[in-house]
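Please read the following points with the model open.

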Amino acid sequence: MKKLQKADYIKMYSFMLKIRRFEERAAQLYGMGKIGGFCHLYIGQEAVVVGILMTIDKNDSVVTTYRDHGHMIARGLDPKRIMAELTGREDGYSAGKGGSMHMFSKENNFYGGHGIVGAQVPIGTGIAFTHKYNGEKNICRTYIGDGAMNNGQVFEAFNLAALWKLPVLYIIENNKYGMGTSVDRAAAGLDLYKRGEAFGIPGEKVDGMNVFSVIEAADKAGKYVREGNGPYIIEVQTYRYRGHSMSDPAKYRTKEELDNYKQTDPIEIVKAEILKKKIATRDEIEKINKDTLEEIKNAAEFATNSPFPKDSELYTDVYL
Amino acid sequence: MSTEILMPALSPTMTEGNLSKWLIKKGDTVKAGDLIAEIETDKATMEVEAVDEGIVLDLLFEEGEANIPVNKAIAIIGDPNEKVEAKKEAPIEKLIKENKIEKNIETKIENKKADIIDTPSPKIEEDRNLSSEEITMRQALRDTMAEEMRKDNKVFILGEEVAEYQGAYKVTQGLLQEFGKERVLDTPISEHGFTGLAVGAAFKGLRPILEFMTFNFSMQAIDQIINSAAKTLYMSGGQINCPIVFRGPNGAAAQVAAQHSQDFSSWYSQVPGLKVIAPSTPYNAKGLLRSAISDPNPVIFLENEILYGLKGPVNNDINFSIPIGKANIEKEGKDLTIVTYSIMLQKSKEAALRLKEEYNLDTEIIDLQTLRPLDTETILNSVKKTNRLITVEESWPFGSVGSEISNIVQRDAFDYLDSPVIKVNSADVPMPYALSLEKLYLPQVDDIINAAKKVSYIK
């Protein structure tokens, strides 16, 4: 496994915390009517993307689902511009034309942000195809929600990736619910990571509340893919604390279930580890907390003051 | 009793074949199921089996003879003691002469030839680089892909049967041999998956040419075409474009019925972010496909199976292109305008000849070439000159390309119109299988003539 430095612990804690504070603020802005449409929060799932990102090369590519804010923050993208996209302003990553679900940053090899369940899976497979076609040693990380694992195109993509030995790492973020339908009411066979077996794609299940477990699995899987062995599947067991989207009161699950998961809060796990290993003091952590809160407050400020896109922008970017 | 072995139709659109090899000789005894010959069609070389039994009495063609029409007798088998007249005339032609044939067989031949008139238009003849040799539409498409693949390593082709099979309609023939399996990829029958894969590759900077065996199968993949390929440039605020060509045969072939005969021109033309092209000749197929492959946007390139065998001169300059968004005035005229595209250009040209001969009407024909963006200027200028318009297309009538043209013309040239615009489309029903009904379904030359008479107030 990748040897973690002291700075890595601080980095993980900071990014996970930043995602949480960002999402809380997004929820507040949504409630104030500053953010419209659909808005899917990542709270509870922070360890997944942060863990995976500890193992990658900056020239690797990524595609994900519409639950994408946390993915962008973890990638090091500017929270101000992410929030400005959520508020539909011209400084947003998609200039206000994409919104929460459709954000991209080509220069950071971040290929969205896809609003259609499952559609990002063949797309990520195609990006991996390009890495191979160009003779690059990079891989494409393709995130999949548990809901998409019952979608036909996902299996078509698995078949193609295995057939052509494409450098794609599939990461199933199993947060237990596809909108309001629990996995056991949607999937025949609960081991989603085994769904590549028929194609000869290896897979494993990982505790997604614990960032250290995620790193270990991602490191091993990433090496396998990068060495030209073809695709690999990691199923990360995680949990979203909030509803599917802002309009979901999450009546389909119990408070006890939620409280139970909160006992293993991913951010608290890292914090405890930092204190135990004496990587930072309580005061230093408190400072990170304060700075993060401040940064996100500024992002919200920026995003609500950025201008709306000009009317003339309606007709741009339809064709290149 | 002797039996004639006829040149078989080995595909729905085959009209003739080449006898590449005899596997039997005179005097052989053949049983049903024995292989008797190798026939080369426009798509492949295939072995033909005997269905009747007897002794081979005569072989009517030499090995290597080409362009033998479907249903022509190629051999005679039977009882060796029976006296046989070697008939070189196909029984179908004989029967037509003797008036014994059923009308729908006659229709079948007519349908397959698709009323093709391949006289080059005046503009093409002005092209100083025009080849003296005529090539088929399928060769024109293949040559253009090969030329672009030689120029740019990022161009690759994928689809069902494009590589080892050499193309379901032979459009990709030879590409695997020249460019190898890294750039010419056979896919599984998995349109949704491989379309999404190609879109992802285009996002990442490659320039895929994706062949749909027919556009009917693009419905399996339409989410990726519209939600991913067409919209991502906009959704990403201009960051991520999708330089991809989706190509393949569109519309009716011959008797392949409802699920394999759909015309998608108006479906795709409705979508901002897509460009839609429908070539009608080898000449414009070359020029337009080159523009499509070079374009940084997703392009829907609607070919037509019946036109694949259409021959014509081309411009062989490897940089020759026809701009997207520009219609071609195929024939100038002053009395009425026909706006059409793809295979209906051929029927429109035939209608124009008859309108001149029978009604002294001088028809202007506009071949749209590109459906989106639409060349409204050329259409409006023509209507302002002729004052009468009919649109002719194979798609269903509701919300068709002709519907949009009618709207534009009534809005922008209302005062120039001397009669209402009339649309000629296919019937508003699923495509039937029966030959007689298929003919009724598709727009025919008579339908165009009737529409032209109507806008000209001729009884």
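1. In helix α4 of chain A, the residues Pro79(A), Arg81(A), Ile82(A), Met83(A), Ala84(A), Glu85(A) and Leu86(A) are buried. A residue is called buried if 20 or more other C-beta atoms lie within 10 Å of its own, exposed if 12 or fewer, and partly exposed in between, with C-beta atoms placed from the backbone. Because seven of the eight residues of α4(A) (79–86) are buried, this helix is largely enclosed by the rest of the structure. Helices (H or I, at least four residues) and strands (E, at least two) are DSSP runs, numbered from the N terminus. The buried residues of α4(A) pack against α1 (6–31), α3 (69–74) and α11 (282–305) of chain A. After α4(A) comes Gly88(A), with a positive phi near 70°.

2. This is a predicted model, in which local features need pLDDT of at least 70 and side-chain atom pairs count only at pLDDT 80 or more, while totals for chains, interfaces and linings use all residues. Residues are numbered from 1 along each chain as its sequence is written, and chains are lettered from A and ligands numbered from 1 in the order in which they are written.

3. Chain A contains eleven helices and eight strands. A compact globule of 320 residues would have a radius of gyration near 20 Å, and the 19 Å of chain A agrees with that; the radius is taken over C-alpha atoms, and the globule rule is 2.2 Å times the number of residues to the power 0.38. The C-alpha trace of chain A spans about 55 × 50 × 40 Å along its principal axes. Of the 320 residues in chain A, 53% are buried.

4. The contact between the chains takes 32 residues from chain A and 33 residues from chain B, where contact means C-beta atoms, placed from the backbone, within 7 Å. On the chain A side, α5 (120–133) and α6 (152–163) each supply at least two residues.

5. The largest nonpolar core has 191 residues, and Met16(A), Val50(A), Ile172(A), Val214(A), Ile234(A), Ile390(B) and Ala452(B) touch the most other members. Such a core is a set of buried Ala, Val, Leu, Ile, Met, Phe, Trp, Tyr and Cys residues joined through C-beta atoms within 7 Å. Its largest share, nine residues, comes from α1(A). At least three residues come from each of domain 2 (122–315) and domain 3 (328–455) of chain B. Apart from this core lies another, of 17 residues, including Leu59(B) and Ile77(B).

6. Chain B is assigned domain 1 (3–101), domain 2 (122–315) and domain 3 (328–455); these bounds come from an automatic or database domain assignment. The C-alpha centres of domain 1 and domain 3 of chain B lie 42 Å apart.

7. Two cis peptides deserve a look. One joins Gly112(A) and Gly113(A), with omega about 25°, and Gly113(A) lies in strand β2 (110–113) of chain A. The bond from Arg372(B) to Pro373(B) is also cis, with omega near 0°, and Pro373(B) sits in the loop between β20 (370–372) and α12 (376–386) of chain B.

Definitions and conventions:
Two residues are in contact if their C-beta atoms, placed from the backbone, lie within 7 Å.
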